[in-house]
Amino acid sequence: MKNYDVIVIGGGPAGLAAAIRAYDLGAEVLIIEREEITGGILNQCIHNGFGLARFKESLSGPEYAARFIDEVCKRDISVMTNTTVLSLSADKKVTAINQTDGIFTLQAKAIILAMGCRERSKGALNIAGTRPAGLYSAGSAQKYVNIKGYLPGKEVVILGSGDIGLIMARRMTLEGAKVHAVCEIMPYSSGLKRNIVQCLDDFGIPLYLNHTVLKIEGNDRVTGVVIAQVDKDKKPIPGTEKHFDCDTVLFSVGLIPENELTKEAGIELCGATKGALVYQNRETTIDGIFACGNVLHVHDLVDFVSEEAEIAGAAAAKYALSGSKERSVVNTFAGDNVSYVLPQKIDKNIEGNVKLFFRVKKALEKCTVKVICGEQVLLEKKKRVVRPGEMENVILPESLVSELGGDISVVLEGKEI
Amino acid sequence: MFDVAVIGGGVIGATILRELTKYRLNVCLLEKEADVAMGQSRANSGIVHAGFDAPVGSLKATFNVLGNAMMEDYARELGVKFKRNGSLVVAFSEEELKTLKELKARGELNGVKKLRIISKEELFEIEPSVSKNAVGALLAPTGGIVCPYKLTVAAVGNAMDNGATLLTEFEVVKINKGENAFTITAKDGKSITAKIMINCAGIYSEEIAKAAGDNSFTVGGRKGEYILLDRECGDFVKHTLFFTPTEKGKGILVSPTVDGNIILGPTAEQVSDKNVETSVDGLKDVQEKAAKMCDKVPFGGTITSFAGTRAYCNIHDFIIEESKTVEGLINCAGIESPGLTSAPAIAKFVVEDLVSKFFEMVDNLDFDGQRKPDDFFNNLSVEEKNNIIKENPAYGKIICRCERITEGEIVRAIKTNPPATNVDAIKRRTRSGMGRCQGGFCQPQVVEIIARELNIPIEQVTKSGKGSYLLRGKTK
């Protein structure tokens, strides 16, 4: 059995950045990637807007990925492509399969989980109607258009206003398709504001908030959909139905971290993020197994994925080369208006500031983020506006971290928009 | 000319076709869709019933009990998974307990073995998820589960391996009875001739009989809606759980599937057309009833919902006989539940007792009833898998990541009888695309593999046959 200091599962943006960081700190690193090339989902994201935070440039997905792939190539990092990990054990054995080596098992001192996420399927929604051809997740449609060079359909309705759905509304329009509507059940879009402006508004594509698809029509291929407005309880309001003739329905109804291997290894998951429970160094509940990127929690900007992956990469190298230290743990909780906080656990013995990432439950303006411990407010920060579609953060300085007297919560006060 | 034409590639047509190939007969199967198992054998609960439901003395009762006893060997020969997981009919009131006693008595008269009424304590012990409102249950240990479309595909495949012909996209529109043979014409004008004809057309069996000149029965459609839960929830229940039948019907069931999912449903709604739409009310009904049967149903694990149309007949029993008006026409109609369970027994009866009147039945000495399971690769040891990958590296490439299906298995499904020629057909054979992402990741690759193996342009690959095209041409 071959041994590595660090095995990174997944060669997308998270895996690449984590591997580079781990290697630079002296670890022998292997990346295992199931696709033919590394870069992950960025390879099919040919639009720009990536890297504004990290490189102060607007890059396309493949360009952003290339910056990291180039760095990997400069180093002696092993990369296995076309290789799927079949199982992961708590003692860090990785069993994988590919065409040249068959099924084989490797041993690592530390593991970094960077498997990314998958799209929530239409099946999970219990939508009424038939199941004809022409129903695609937005990401599958993106793969057909940008990688395979085929157009899935010409008359399109998009259900859900996640970022990929918004991007695909524009992409399909540019390819000559007519996008009739984007329909969102919530009163707000879960996508980035800039995507709503650049992908819908600029192309005159209507966004129907508080609307859901009532029915899908067509036997062989989709022929139409019926949408309707919903009330506060998400129940359709009779009389508000609208019918669209279309040959394609795209679903952009959420992303789910892909944690089958994580579960199999016995790692504890967080109900809110659907990813592993982690410390600030992105170590999971199993010592020496780390997680970063969309497998940990769904990010909206890849720049933050890279940042998080570097934290995990550094910690994995450190663990592989010098083992673990004793912990002193407090938990973090999501308080008022906050849906989750990550990391869920803080180890006071780990040096450095702790950046607390969180998402809000509803759009608020003129708000204050507070980090509280019991009755005590440790930190306050003003935010002009916060939205569920955009991840927020607040930095807990090292001086406060080492002094934490108990569990902390992040709460948000503000005016509803 | 064929000796026998079987019309309809559902489980009944499939098992009859296979049975026919045990004899030296030239036989064919005519199927209107692009693949077999596209009607009720596709969207079906997959239950191998014990046999306590059907009225004493009915064909349903007879074939159910016979079929149940045959199913284990039958499925094994065809390499299809079967599990005798046992059924429970759950009572929620003293009155329902009384009905259970009637059911038990009826079952015993039908020849069902090992039936037992159990206390709620025993019930909660063997099925902890059952609602605490339950007061007892009828346990039928002989109840089982099988995958209806896999059984159908395997039976047709095995029949083809033994010489039968499959004609897909052959929608019968006209039947002419000549002196010694039927001329059967399809919608696109193709026609075949056959000495005798077996009508296994499910919800279309009335139309087929009428086309041949037999107006003796009517068949209607009844729509059933289902919800399927992820394999993650697979151990939620072990037995197939039924409500106690009332005058209003049987209610829905909560059951594991043989592939490890949980299935909830079906509703029962009379429909005028062959409508297979799910409805908001129907799916809500399934959820409410499932929640009545069990505590904490893991609805969060829903991966898909679907509907199917089941035939029901004005006679309320199976029709399995030679037509009284058209010589050489054998009708297998009104095969409602427990049709799947009964299929192997019906096939044996039809061939041995009905077809035998028309031909001298000479054994086909080359008949081999064994079929290599479609999921054979999955059941191998690591060493065996590695030997196969060395020989054929396509088995080392995972295409469907949720169900871990390799390119080798997909190519094999395209090349094995009955050949899979579209995305859904691949899914039914390999489970590729059947997992939690529902084909989100693997469909583009599956489409490419189909185009490559069938040597057709990628735009011609369909989801499930004619009209269900997936792509509208190249990008700019």
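**Exercise 1. Sort the residues that line the largest cavity by class.**

Solution. The lining of the largest cavity divides into five nonpolar, one polar and seven charged residues, where Ala, Val, Leu, Ile, Met, Phe, Trp, Tyr, Cys and Pro count as nonpolar, Asp, Glu, Lys and Arg as charged, and the others, Gly among them, as polar. A cavity is a set of points, on a 1 Å grid over the protein atoms alone, where a 1.4 Å probe fits but cannot get out, and its lining residues have an atom within 4 Å of a point. Of the 13 lining residues, B:G79, B:V80, B:K81, B:K150 and B:D375 lie nearest the centre of the largest cavity, which holds about 100 Å³ of space.

This is a predicted model, in which local features need pLDDT of at least 70, side-chain atom pairs count only at pLDDT 80 or more, and totals for chains, interfaces and linings use all residues. Residues are numbered from 1 along each chain as its sequence is written, chains are lettered from A in the order in which they are written, and side-chain values use heavy atoms, with hydrogens and water left out.

**Exercise 2. Find how many disulfides the whole structure has, and examine A:C73.**

Solution. A disulfide is a pair of cysteine sulfur atoms within 2.5 Å, and the search over all chains finds zero. For A:C73, the closest cysteine sulfur is that of A:C292, and because the two lie 19 Å apart, they are too far for a bond. A:C73 is exposed (over 50% relative accessible area, with a 1.4 Å probe and protein chains only), since its relative accessibility is 61%.

Conventions: Buried means under 20% relative accessible area, exposed over 50%, partly exposed in between (1.4 Å probe, protein chains only). On a 1 Å grid over the protein atoms alone, a cavity is a set of points where a 1.4 Å probe fits but cannot get out, and a pocket is an open set with protein on both sides within 12 Å along at least five of seven lines; lining residues have an atom within 4 Å of a point. Grid points are joined across faces, edges and corners, and a volume is the space filled by probe spheres set on the points.
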